[in-house]
Amino acid sequence: MPEPVPEGKPAVDAPAEDGADSETDGDEPQSTELTGLFVEKPPNSVVAVAGTDVTFIAKVDSTSLTRKPTMKWLKGKWLDLGSKAGKHLQFKETYDRNTKVCIYTYEMKIIKVVPGDAGGYRCEVTSKDKCDSSTFEISVEGEKKKKPEKEEPEIDVWELLKSAHPSEYEKIAFKYGITDLRGMLKRLKKMKAEPIVHSEAFLKKLESCYSVDKGKKITLRCEVVDPNVQVKWLKNGQEIKPSAKYIMEASGNVRTLTINKATLADDAAYECVVGEDKSFTEVFVKEPPVTITKLMDDYHVVVGDRVEFEIEVSEEGAHVMFFEDQEIHKDKDSKYRFKKDGKKHTLIIQEATLDDIGMYHAWTNGGHTKGELEVEEKELEVLQDIADLTVRATDQAMFKCEVSDDKVTGKWYKDGVEVLPSERIKMTHIGRFHRLIIDNVKPEDAGDYTFVPDGYALSLSAKLNFLEIKIDYVPRQEPPKIHLDTTGNMVSQNTIIVVAGNKLRLDVEITGEPAPTVVWSKGDKVRALSNVFDTEGRVRVEARKDLSCFVIEGAERDDEGNYSITVTNPAGEDKAVLFLKIVDVPDPPENIKCTGVGEDCASIVWDPPKFDGGAPVKGYLMERKKKGSSRWTKLNFDVYESTTYEAKRMIEGVLYEMRVFAVNSIGMSQPSLSSKPFMPIAPTSEPTRLTVHDVTDSTCSLKWLAPEKIGAGGLDGYVIEYCKEGDTEWVVANQELCERQGYVVRGLPVGEKINFRVVAVNMAGRSPPALMSQPVTIREIVEHPKIRLPRDLRTKYIRRVGEKINLTIPFQGKPRPIATWFKDGKPLDEKIVNVRNSNVDSILFIRSAEREHSGTYELVLKIENMEDRASINIRIVDKPGPPLNVRATDIWGFNAALEWEPPKDDGNCDISGYTIQKADMKTKEWFTVYEHNRRTNCTVSDLVMGNEYMFRVYSENLCGLSEEPRMSKNTAVIAKTGVTPYKEKDMCCSPKFTQPLVDRSVVAGYSTAISCAVKGFPKPKIVWMKNKMIIGEDPKYLMQNNQGVLTLNIRKPSTFDGGKYSCMAVNELGKDEVECTLNVRVPQPLQELLWYLWETTTV
């Protein structure tokens, strides 16, 4: 679901000018605050004059979008205006390709605004995972309509809604001031339904509205009159196509539309269409309230800390609003950031300040939580305080302090007055250290010195004391001497070990008179020191009384080497050499690669790091991950000493990558480069059920089944190998992999005993071999021929003419037997019957069987002087011919005796019976008397006196009745006895109405009927007329004639259907006519409403 972008602040209302666009010609107050994807939005409120045109413009910046944005214009919550495009609503989309700015412009134009256009609107733009929306209101002003002279009767809105079309609900609600449209529809559904209006297409229409929870299934159901009719389902006027979401079903007269996993997009109007008739309904999708499953925590932080208020909601993609004093928006320059991860929503404050103190709230449509944020000033920790100093004239005084934050600045004060830098006074700030250095100290420099960090209620103070010593100077000389402290960092004499990145400070005590000159050197590089020295730089030399300090800030590998210190004065010279060893974490291991894989394991090897960091490598730590993933999994927690490792518990068929860390006493190296992707795959298990299928003098046919376990590596094929008994050298029988589960090994020596084995091969290698339990002797085995005739062919094989015959006769015998077919003792003509022989069976095939294919077929199987025979009796049957010599042999009373002879052609099978039929000579309609009569005679009873009958007989066999019957040679006349002849009466008469039409008065809109009755012979022709005009095939009228009762049905008559109706009956003997008057009256309230509608329309 796209992440919603918060809307901007509402703009000031500005009315639109008459006839002018409300967007393009607006003043500055009409603009909205632009956020998200919109560059320009419609104004929040527009007042339009009825009858004028109004245009709304929205512009979208697609620079950051991967797809073209899609714009929707909506009215209310669910009404998509795109389906209403036409003369009243027009939509336009433009894109300027000549400019480099990717701006899409969307326009909605309302032609001649009417009051029904007032209401809330929304424009919504989406593009893949991003969306933005803007809402605006339209108010319509215009001249009030003239009220009719008659006082408008009170109208029941609910009665009006019950009879209105669902598409008119919103218009009626606006007209009568109903604001809660959803509540109105629920109440309307609960009200007692009106009597169902008759529909020609629907037996039962759709319900007026349906309600469903989001994510659930709903079924729309209706019943149609014609069970074979095809229906169409529409959504907001657009036809719905069947899919996994929309399932359309038809069962008898019932038609259903099932909507699976309903979303807010399914909240729409639906129609079921049958021809010109329609059934409407509304579907309302209820969005479940989003609850908060993980509440917001309180935070207590210091200034500058990062704060993350995290909550978890019950549904992904839910809209969550964060508030402090007001709603928090994600602006470009805002310090607030929002993060969404599935159901988790996080409000992030990058650097907390004292202004952020307060209560923070998170709201969803179904829950609320809050958390308190407390922010404190960050405390500054003093790591080294400044100390009191006592110095002599011309000496140097240095105040030094160290605080916990290297970004803190500060000021130096002497006796409450800020100290300013000069040539003699210097102030430095390096990292966490702050120094105040005073050269050539004078008596006026004595006093109280204070360091005050900026932004903190903290001060560090110390006192400078000036020492004035008056002595008589007696020059004295003493040779210089270097006093090295061999404890501490020295692991052996004159060797110092320092961890890379750490600080080295080596204080060397020096004695001698006068004060000696100190020179530090590394190789050819010399650092000279006199009374003036540089305290800046990463590698530096600092001077103290009787001390020389060698300092390295953040030791590096290049700092390793021999360092020498030389001190000289007029009395002599001294020198000392130090070796500085820098130890560090090792370099990453190299050449990580996989040397072998198994079903769930892999063997990994690597090379040790080129540089061990100056300390022996203790071991390694390994990590692995799936290819494409960013999550590494540790494989060992204890240091692993070898450079070969077998990784286990892996998933077969998944690509993995490995990396290795080297560990020494200093720490862990950076990770190595990832290995090339590898996949754990195991060979298959051995093939199963290896058996010998056939053996000849030079070949052996083997068969087997696939391995029980194949795995992710699949199965590429099989390798067949053999060797002589007693040998250990296996010979490959197939040069290419065998994909089938059978193989014939050729070129074997006759009489030798051979061992066979089969190996399955896939991309992981060869499987364990499947071996024969004992060697196979290569020699042809003579086996007697044997025909295994199927059970159904051991009796008579019957087929109908035209059917296909395909007989497979399996046999056995070695060497390959010779199969020969005979028919009725003669060799089979293979031009008429097809025969195919193989090593194990013989197939007899007839494409279309004929009567002449009947007979006894014999298969003869021969191997040298041995043979076997099998016979098959095939009979091809057809329908029989008609019986012979059908005749009536005797007639008495109401009975007749029939006899006949069997047919000449019995269809090549036994006659199973006969079917006898009779027919009256007058009507000549045939009626079946007997079926499946097995004898060649029968007695026909219940004949009608005075009638003459003829008879016919069908013969019947396995294929059915004969194509044609055999007619009886004579007829049977049932004579009348003692009956007076009947004289038929002449019934002819001219038409005459026995019941006239009656005048009627009916209510408009209710179907009615007028009836009359007529007699006459021959049957008269009926003509209905209205006002002396013949009523034709008008669908409004339905004319019926039931045994002379004439009815004219008039469907839902209106006032125009009133008048004189007449009915005229005509035959060849004359005619007659009746008439009546039909008066259609309109109910008084409806008449007044029609009068009011007519007047408002004319105005």
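Arg791 counts as exposed, at 70% relative accessibility (exposed means over 50% relative accessible area, buried under 20% and partly exposed in between, with a 1.4 Å probe and protein chains only). The place of Arg791 is the loop between β62 (783-787) and β63 (797-800); strands (E, at least two residues) and helices (H or I, at least four) are DSSP runs, numbered from the N terminus. Together with Lys786, Arg788 and Arg794, Arg791 forms a positive surface patch. Patches consist of residues with over 30% relative accessible area and no salt bridge, with like charges joined within 9 Å and nonpolar side chains (Val, Leu, Ile, Met, Phe, Trp, Tyr) within 5 Å. Lys and Arg count as positive and Asp and Glu as negative, while His and the chain ends are not counted. Each charge is placed at NZ of Lys, CZ of Arg, CG of Asp or CD of Glu.

The model is a predicted one, in which local features need pLDDT of at least 70 and side-chain atom pairs count only at pLDDT 80 or more, whereas totals for chains, interfaces and linings use all residues. Residues are numbered from 1 along each chain as its sequence is written, and side-chain values use heavy atoms, with hydrogens and water left out.

A negative surface patch is also present, made up of Asp297, Asp298, Glu372, Glu374, Glu376 and Glu379. Within this group, Glu372 belongs to strand β27 (residues 367-376) and is partly exposed, its relative accessible area being 33%.

For the protein as a whole, four helices and 88 strands are found. Of its 1099 residues, 37% are buried. The accessible surface, from the Shrake-Rupley method with a 1.4 Å probe (for residues, only the protein chains shown count as cover), comes to about 65,000 Å², and carbon and sulfur atoms account for 49% of it. Among contacts (heavy atoms within 4.5 Å) between residues at least 6 apart in sequence, 62% join residues at least 24 apart.

Thr263 gives a local view of such contacts. Thr263 sits in the loop between β17 (254-259) and β18 (268-274) and is partly exposed at 33% relative accessibility. Neighbours within four places in sequence aside, Thr263 is in contact with Lys245 and Val285. Between Thr263 and Asp213, 50 residues apart in sequence, the C-alpha to C-alpha distance is 8.6 Å.

Salt bridges, in which a side-chain nitrogen of Lys or Arg lies within 4 Å of a carboxyl oxygen of Asp or Glu, number 40 in the whole structure. One of these joins Glu599 and Lys709, at 2.5 Å from N to O. Glu599 lies in the loop between β47 (590-597) and β48 (602-607) and Lys709 in the loop between β54 (700-705) and β55 (717-724), so the pair ties together parts that are 110 residues apart in sequence. Both partners are partly exposed, Glu599 with a relative accessible area of 33% and Lys709 with 44%.

In another pair, the closest N and O atoms of Glu858 and Arg869 are 3.2 Å apart. Because Glu858 lies in strand β69 (residues 855-863) and Arg869 in strand β70 (residues 866-877), this pair ties together parts that are 11 residues apart in sequence. Glu858 is partly exposed at 21%, as is Arg869 at 44%. Arg306 and Glu308 also meet in a salt bridge, at 2.8 Å from N to O. Finally, a network of salt bridges links Lys503, Arg505, Asp507, Arg540, Glu542 and Glu553.
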